[in-house]
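Hello,

Here is the structure I promised to pass on to you. Please have a look at it first, and then read my notes below.

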Amino acid sequence: MRREEIIPSAARLTNSLRDLGYEFSSAVADLIDNSVAAGAGRVSITIHFDGPDSWIRVADDGAGMTGASISEAMRLGAARDYGEGDLGKFGLGLKTASLSQCRVISVASRTAPNRRRIEARRLDLGHVTETDRWEILHLTGTERPEPLIAPLREATGTVVMWENLDRILNFRDPWGGWAQRHLMALAEQLELHLGMVFGRFLSGQARWRRRLHITINGTPVEAWDPFVRAEPRTESLPVKEFPVAGGLVRFSPFVVPAQREFTSDAAWRRASGPRNWNRQQGFYVYRADRMIQSGGWSRMRTQDEHTKLARASLEFWPDLDEAFEINISKMRVRLPEDLREQLDRPVAELVKRAQERYRGGDKRSPRPRPPSGPPPPPPPFRSGAVPAPVDGERRGAGAEEARSATLPAGGGGNGSGAVSPPSGGSGGQGPLVTLARPTAVAALQRAAERAGHSDALELILDQLRRDDPEVARELGL
């Protein structure tokens, strides 16, 4: 039988891969997955505003890659084996996540601490479109931009740099205030997202992994614990484990305190999460200790004001990826049907207890004292083997109020905040502008919460985003 090889059009396919559904924060998180796999303990994210020449850089201190390894990593469907606890899956993340945000991806890496040899490659969508060939560019000498190699001058690791940010700064005037404010808002969203997704890594609770430190323009990202286990009034219900597709899924339910029961207003506001109280109820799904889903009931029930104190973790390992139907961006999961059936009763019990707490919790007084002493880490767990019995999920480390995000000042700056001196190793970026978190929305949410009209406020804020986006941005929405 006659055979014919049909090679896909490089130009058409690479442009099509830009629309796989990545959001900015999830795209950056996908790069950090690779850093974790490389054994990195520190990841430094730099967001540099310079109009049309703005760039974003993710640098880690991991083991690094050889030139051949970088070339293979930039192949669509990279040929590599994934370990049991690896956060990667398809061999597409670096390319698809990056191309969803920019047109030029550069990767530089250094493997030997006693040698200064740095390998660098670039994937330029403009070049691929023009030539219709699956080609990457080898960067040597002066071809390598200083921000790309600066973090590798003194240590091993890998740097991924995004340029030509057409999907991020798609404004007619990339130098205008709109563009810079948009980048500022993305930096703040990124800080919240990474603190949530990598919360267990940041707090040192990720099993079989070293503790991770992430910074955004020098500002540390703080871990966010959705179950606020540092609060003394958080209630931990019995942990259950369910067999699914030959593995185990751990279900750990919590009833978080009502507003009056929190040790401080700041702790209550932080516990509300990136999407606020009602939308943060439900399941928090962890794959190899990395959060995949934050809140929502996965169509098992609807969100309700009276159940907003109910939160539960669902933990599994990559051997159950097929059962959970993990997608490429690792942003969506589908609960297996047999797991849904097993969760019916435990979820009903959790919801009942949360409703009881909601009705009576605000009547309690006075406000509890903050807990003292560091909490112990969670017990070991692997989905493929039956772990030792546990007596409820142990309390994990809490987090302080989120720190402010920072951005380099460029043309069209808004003049807000205090100016700090430039940090080293940034490749010549300008001074950093410290952005204070807006408090107006938090005050409105707090008032709506006390009045029992949180849902109405969410509808109003959503309408404001549509009707007057500039005002919404000023409020930090």
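Arg 200 is part of helix H8, which covers residues 199-202. Please keep in mind as you read that this is a predicted model. With a relative accessibility of 4%, Arg 200 falls in the buried class, because that class takes in values under 20%. Setting aside residues within four places in sequence, Arg 200 makes contact with Gln 205, Ala 206, Arg 207, Tyr 286, Asp 289, Ser 313 and Glu 315.

Arg 200 also turns up in the lining of the largest cavity, as one of the residues that lie nearest its centre. By class, 7 of the lining residues are nonpolar, 3 are polar and 3 are charged. The volume of the cavity is about 100 Å³, and the structure has 1 cavity of 30 Å³ or more.

**The loop between H9 and S12**

Where does Gln 280 lie? Gln 280 sits in the loop between H9 and S12. Its relative accessible area is 0%, so Gln 280 is buried. Not counting residues up to four places away in sequence, Gln 280 touches Trp 224, Ser 272, Gly 273, Pro 274, Arg 275, Ser 294, Gly 295 and Arg 311. Gln 280 and Gln 303 are 23 residues apart along the chain, and 9.1 Å separates their C-alpha atoms.

Asn 276 is found in this loop too, between helix H9 (265-271) and strand S12 (282-287). Its phi is near 75°, a positive value in a residue other than glycine. Is Asn 276 buried or exposed? With a relative accessible area of 14%, Asn 276 is buried.

**Another positive phi**

Asn 164 is a residue other than glycine with a positive phi, near 55°. Asn 164 belongs to the loop that runs between strand S6 (157-163) and helix H7 (177-197). Here the relative accessibility is 38%, so Asn 164 is partly exposed.

**Helix H2**

Helix H2 takes in residues 24-37, 14 residues in total. From its first C-alpha to its last H2 reaches 21 Å, close to the 20 Å expected at 1.5 Å a residue. How many of the 14 residues of H2 are buried? The count is 12, and H2 is mostly covered. Among the buried residues are Phe 24, Val 28, Leu 31, Ile 32 and Val 36, and the list also includes Asp 30 and Asp 33. Just after H2 comes Gly 39, whose phi is positive at about 80°.

**The protein as a whole**

To finish, here are some totals. The protein has 14 helices and 17 strands. Of its 477 residues, 51% are buried. The accessible surface amounts to about 21900 Å², and carbon and sulfur atoms account for 50% of that. Taking the contacts between residues at least 6 apart in sequence, 72% join residues at least 24 apart.

If you open the model, Arg 200 in helix H8 and Gln 280 in the loop between H9 and S12 are where my notes began.

Best wishes

How values were computed. Residues numbered from 1 in each chain as written. Predicted model: local features only at pLDDT ≥ 70, side-chain atom pairs only at ≥ 80, totals over all residues. Heavy atoms only, no water. Helix = DSSP H or I, 4+ residues; strand = E, 2+ residues; numbered from the N terminus. Buried < 20%, exposed > 50% of the residue type's maximum accessible area, 1.4 Å probe, protein only. Contact = heavy atoms within 4.5 Å. Areas by Shrake-Rupley, 256 points an atom, 1.4 Å probe, with all protein chains shown as cover. 1 Å grid on protein atoms, 1.4 Å probe; cavity = no way out; pocket = protein on both sides within 12 Å on 5 of 7 lines; lining within 4 Å. Points joined across faces, edges and corners; volume = space filled by probe spheres on them. Nonpolar A, V, L, I, M, F, W, Y, C, P; charged D, E, K, R; others polar. Expected span 1.5 Å × (residues − 1).
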